Amino acid sequence: MGANAHGSNTKRIWMVFIYLSLLTIVEVALGIVKPAFLFYTEFLTLSLLNWIFILMTIWKAYYIMWAFMHLEGEKASFRWSIVGTLAFLCVYLTAIVLIEGEYIHQVFQNSSYKWIF
Amino acid sequence: MGATVTTAATKEKVWGGGASQQPLGASYGKMMMWYFILSDALTFCGFLVAYGFTRFKFIDSWPIADEVFNHFPFLHGMNLPMYYVALMTFILIFSSVTMVLAVDAGHQMKKNKVAVYMLLTIVGGFIFLGSQAWEWKNFITGTYGAVETQGGQILQFVDKDGKRVALADFADTSVPNERVALNNSEAFWFLGNSTPPTYSVAQIQAGLEKNPDVLIRTQFDEGRHKKVILSREETLAQASQFKYVVEGANLVRNEYGHKSFADLFFFITGFHGFHVATGVLLNIIIFFNVLLGTYERRRSYEMVEKVGLYWHFVDLVWVFVFTFFYLV
């Protein structure tokens, strides 16, 4: 509750709206243009373009959670209990499951299974 | 804690309630909303990871999102990937802004301002839901149609330049359709019957032979994000393998490619849409409470803040759905 005593935050809100809009516009522009050097260069089985999309998404998530959901005004311990848990579990799950998906793809390619698995 | 025996030394370390020295500095309601959001975020993370898993599993045969989601209202027949979902993203971000402005007005105890911003948020929510319904309609109806083989693969049709060709453009309708829809008017109301596709397999096969320009495009990538297109001889050889005509999408098969693609699309965007609908409902309830002056009497608009958290969460999830379904 401590953070609620502040006055008006309108300016910050509109700034964050502009940041979010700009990020979205850049994402969409990149998604339509698909610059060849980003699209066809791969890093850790993902194209550079996809890495950019993912990083920009996390950047947008940061703005939404910190400014709109007002995590920037909460106690650090509270913030950690949410974002720390979420970041750790999501990264862990994503890494382990996607590596498994890639492995199954290899099984398709290199074994006698052809389509149904 | 007052009823139990405590020593002076421990007294200051133990939280006995009260707003000023709460361990996490957040009220009970807000804290629980955050932890609900945490668990819900993990659920969505699980869904999106399932999508990623399926996609990596079929990495060389996954549909190209740009070709699936390329519609825009009032601009028929044009290839406009991404614009519509970008618009939906803006609608949701904007309704997030009005929501946070409502919370901000609540801090200043301005009842009318809170009500106006809540109303705008609700309107934004409805517009988003309508947009999603339109998106689903396009997805379910489909554009070009495709054919499924005995082996369960989806084959699409292209012309010599690699441009997509709709079934309607080459199907030979002079071949009699062996399957007809049974309608109430023919007194078949008592029979269960799924709607047959517009064209039969035989009509597609005959049309394929008559139109030398039509080629089959398979689900597989030849590298560089392009699908393999069969030669004319291979196309005609494949025709005997046709099993179903597929138009649009349902939970069993879809014209875009892999079966799991439509299932995951329906499930993930559907679950998100369900969250939006719930959010709109909560917003409406809070909106009426604001109008009735409930929070004015309580001298605190914290309830607006709590539903606000949920509403922003819905926006947050959409940001990720947008990336993984439409961009990546």
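This is a predicted model: local features need pLDDT of at least 70, side-chain atom pairs count only at pLDDT 80 or more; totals for chains, interfaces and linings use all residues.
Strand β2 of chain B spans residues 154-158, and five of its five residues are buried, so the strand is largely enclosed by the rest of the structure. In a regular strand the side chains alternate between the two faces of the sheet. Here both faces are covered: B:Ile154, B:Gln156 and B:Val158 are buried on one side, as are B:Leu155 and B:Phe157 on the other.

Two strands pair with β2(B). Strand β1 of chain B (residues 146-149) runs antiparallel to β2(B) and is joined to it by two bridges, with B:Glu148 standing opposite B:Ile154. Four residues lie between the strands of this hairpin, where B:Gly152 adopts a positive phi near 90°. Strand β3 of chain B (residues 215-221) is also antiparallel to β2(B), through three bridges, and B:Leu215 in β3(B) faces B:Val158.

At the next level up, the domain assignment divides chain B into domain 1 (34-142 + 261-327) and domain 2 (146-247). Their contact takes nine residues from domain 1 of chain B and eight residues from domain 2 of chain B, while the C-alpha centres of the two domains lie 36 Å apart. Together the domains bury about 580 Å², with 40% of that on carbon and sulfur atoms. On the domain 1 side, B:Asp60, B:Ser61 and B:Glu67 supply 61% of the area buried against domain 2, more than any other three residues.

Polar interactions also cross this interface. Two salt bridges are counted between the domains, and three residue pairs are in polar contact. The side chains of B:Glu67 and B:Arg164 form a salt bridge, at 3.8 Å from N to O.

Definitions and conventions:
Residues are numbered from 1 along each chain as its sequence is written. Chains are lettered from A and ligands numbered from 1 in the order in which they are written. Side-chain values use heavy atoms; hydrogens and water are left out. Buried means under 20% relative accessible area, exposed over 50%, partly exposed in between (1.4 Å probe, protein chains only). Two strands pair if DSSP finds at least two bridges between them. Domain bounds come from an automatic or database domain assignment. Contact means heavy atoms within 4.5 Å. Buried area is the accessible area (1.4 Å probe) that two parts lose on being put together, summed over both. A salt bridge is a side-chain nitrogen of Lys or Arg within 4 Å of a carboxyl oxygen of Asp or Glu. A polar contact is a pair of N or O atoms within 3.5 Å; within protein, one must be able to donate a hydrogen and the other to accept it, and residues adjacent in sequence count only if both atoms are side-chain atoms.
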